[in-house]
Amino acid sequence: MSRPRWLRRLPHVVICLIAVLVAIGSIDELSTGYRLGVEFGLLAGVAQGVALVLALWRPFPAWWLSLSATFIAAVAARSNMTEMVPPGPNWPWIGPTIAAHALILFLLALRMPARVALAVLAVTGLVTAFVQGVLGGGPYSGTGVLAVSVFAVAVLLGTALRGSREARTQLVEQEYLTAEERSRRTLLEERNRIARELHDVVAHHMSVISIQAQVAPHLVDNPSVELKENLDGIRQNALEALTELRRVLGVLRSENPDDAYGLGAGTGAAPDSPQPTLDRLDALVENTRAAGLAVTTEITGEQLPLPPGVELSAYRIVQEALSNALRHAPGSVVRVELTHFPRGLQIRVVNSSPSRPAPPSPGAGHGLLGMRERAMMLGGTLMAMETACGGFTVAAFLPRSGTTTSRTPRPDNSTGPKGPPDPTGDTS
């Protein structure tokens with residue numbers, strides 16, 4: 001009852017109205033039926049109404065107040081019942097007090113653990129049995145069994161509702177934790193895949209260092225002993241680094257030996273095959289066209305040499321963007337734009353709206369996460385957003401230096417009022 005806002009107070013208003021009716025009914029029956037007088041009947045009736053209202057915030061003290069008022073009224077009326085004509089009044093519980101106490105027990109069961117609610121119900125039953133079965137009195141119509149039965153139903157209903165509410169709360173919490181764990185696992189899997197791919201780039205440079213350190217002494221006439229020792233140390237360190245890299249890669253590959261580079265089972269990627277660069281972009285585009293997409297490419301700017309890590313990340317970003325277009329926008333037209341700047345490479349992959357509905361796509365959805373991780377690893381940026389015509393755009397900028405910086409990933413739909421930053425640095 002949270003929407004609309006005025007419904008939040010509706011239960012309180014209803015309980016207060018019931019409390020007024022209970023108080024009025026109790027005053028009348030206690031004063032006349034039990035012959036306790038107006039003052040005593042007013043006090044006991046008001047106590048029942050106050051207890052019912054108090055149960056909205058403090059159900060346990062409210063239960064004590066209601067049970068005590070009923071016990072005192074029943075014991076006080078016991079001496080007056082000897083002069084009454086059978087069948088006598090309802091005793092020890094009357095209709096209004098049964099209704100009030102049942103509501104109090106219901107509210108208590110909603111707020112308290114089940115063991116507390118059952119203990120309270122047991123105490124109520126024992127007090128009722130003591131008053132009616134042990135104390136007894138003159139002519140009366142016993143209401144103990146009826147009252148305890150109503151109280152048991154109220155407690156069971158409140159306990160069931162509380163259990164259902166707790167189960168829903170735990171389910172929501174579990175779903176949240178599951179989503180967090182799935183997101184964390186997806187992130188780790190994608191970083192694992194990127195690390196496996198970058199192994200070849202790092203291993204290549206370490207191999208070059210080792211070979212250069214081995215050849216360098218032969219390029220100098222009469223090299224000194226110190227030079228030979230230093231170059232030999234460089235070579236040994238490079239070889240040890242290569243060995244450690246192979247060990248780490250072996251651990252990463254052991255999770256899926258059939259998919260050495262994490263490219264997906266059945267791709268045919270061999271562990272010894274070189275990592276792709278932008279030189280293979282034409283082959284990637286041709287394969288995408290063969291799969292049913294109309295793809296056009298546009299490369300502008302002076303194509304200066306790019307570091308291997310930047311080349312690999314650029315190729316993977318384009319590959320993943322084309323895969324997403326194939327999967328989620330069948331029959332669309334895709335445009336791949338590569339713009340070379342002195343500071344780095346800008347990538348834009350734009351697809352139009354699909355010409356037919358996309359089939360269901362199972363999977364964890366690593367695409368955008370993987371592209372963003374690759375861009376952030378190099379200190380770049382990546383944005384993915386829907387277009388006005390119903391298509392999708394992936395825009396990334398990879399700096400030429402490939403320096404890793406601490407960045408906070410932007411949401412997929414964060415286009416901003418000014419669009420992607422200008423990689424040229426021109427603010428005119």
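The largest cavity in this predicted model is lined by eleven residues, and those nearest its centre are Glu190, Arg316, Glu320, Met371 and Arg374. A cavity here is a set of points, on a 1 Å grid over the protein atoms alone, where a 1.4 Å probe fits but cannot get out, and its lining residues have an atom within 4 Å of a point. Rolling a probe the size of a water molecule over the atoms shows where empty space is left. The volume of the largest cavity is about 70 Å³, a volume being the space filled by probe spheres set on the points, with grid points joined across faces, edges and corners.

Which helices each supply at least two residues of this lining? They are helix 6 (144–215), helix 9 and helix 10 (367–377). The lining of the largest cavity divides into two nonpolar, four polar and five charged residues. In this sorting, Ala, Val, Leu, Ile, Met, Phe, Trp, Tyr, Cys and Pro count as nonpolar, Asp, Glu, Lys and Arg as charged, and the others, Gly among them, as polar.

Before we go on, a word on the model: residues are numbered from 1 along each chain as its sequence is written, and side-chain values use heavy atoms, leaving out hydrogens and water. Because the model is predicted, local features need pLDDT of at least 70 and side-chain atom pairs count only at pLDDT 80 or more, while totals for chains, interfaces and linings use all residues.

There are three cavities of 30 Å³ or more. The second largest cavity holds about 60 Å³ of space, and among the residues that line it are Leu30, Tyr34, Gln48, Thr70, Pro92 and Ile94. Helix 2 (38–54) and helix 3 (59–78) each supply at least two residues here, and helix 3 gives the most, with three. This lining has seven nonpolar residues, three polar and no charged.

Pro92 also leads us to another part of the structure. Threonine 128, found in helix 5 (residues 114–135), touches Pro92, Trp93, Gly133, Gly144 and Val148, leaving aside residues up to four places away in sequence. Contact means heavy atoms within 4.5 Å. Is threonine 128 buried or exposed? With a relative accessible area of 4%, threonine 128 is buried; buried means under 20%, exposed over 50%, and partly exposed in between, using a 1.4 Å probe and protein chains only.

Now turn to helix 8 (residues 281–290), where Leu281, Leu284, Val285 and Thr288 are the buried residues. Seen down the axis of helix 8, these fall within an arc of 95 degrees, so they line one face of the helix. That arc is taken from the directions from the helix axis to the C-beta atoms. The other side of helix 8 carries the exposed Asp282, Asn287 and Ala290. Strand 3 (294–300), helix 9 (308–328) and strand 4 (333–341) are included in what covers the buried residues. Just after helix 8, glycine 292 takes a positive phi of about 120 degrees.

A salt bridge is a side-chain nitrogen of Lys or Arg within 4 Å of a carboxyl oxygen of Asp or Glu. Side chains of opposite charge can pair when their charged atoms come close. Glutamate 286 and arginine 289 are three residues apart in helix 8, so about one helical turn separates them. An α-helix has 3.6 residues a turn, so residues three or four places apart point the same way. Glutamate 286 is partly exposed at 44%, and arginine 289 is partly exposed at 35%. Elsewhere, salt bridges that share partners join Arg335, Glu337 and Arg348 into one network.

How many salt bridges does the structure hold? The structure holds five. Arginine 162 is buried, with a relative accessible area of 17%, whereas glutamate 166 is partly exposed, at 35%. Also in helix 6, and three residues apart, are glutamate 181 and arginine 184, which meet in a salt bridge at 2.9 Å, N to O. Glutamate 181 counts as partly exposed at 40%, and arginine 184 is partly exposed at 43%.

Terms used. Helices (H or I, at least four residues) and strands (E, at least two) are DSSP runs, numbered from the N terminus. On a 1 Å grid over the protein atoms alone, a cavity is a set of points where a 1.4 Å probe fits but cannot get out, and a pocket is an open set with protein on both sides within 12 Å along at least five of seven lines; lining residues have an atom within 4 Å of a point.
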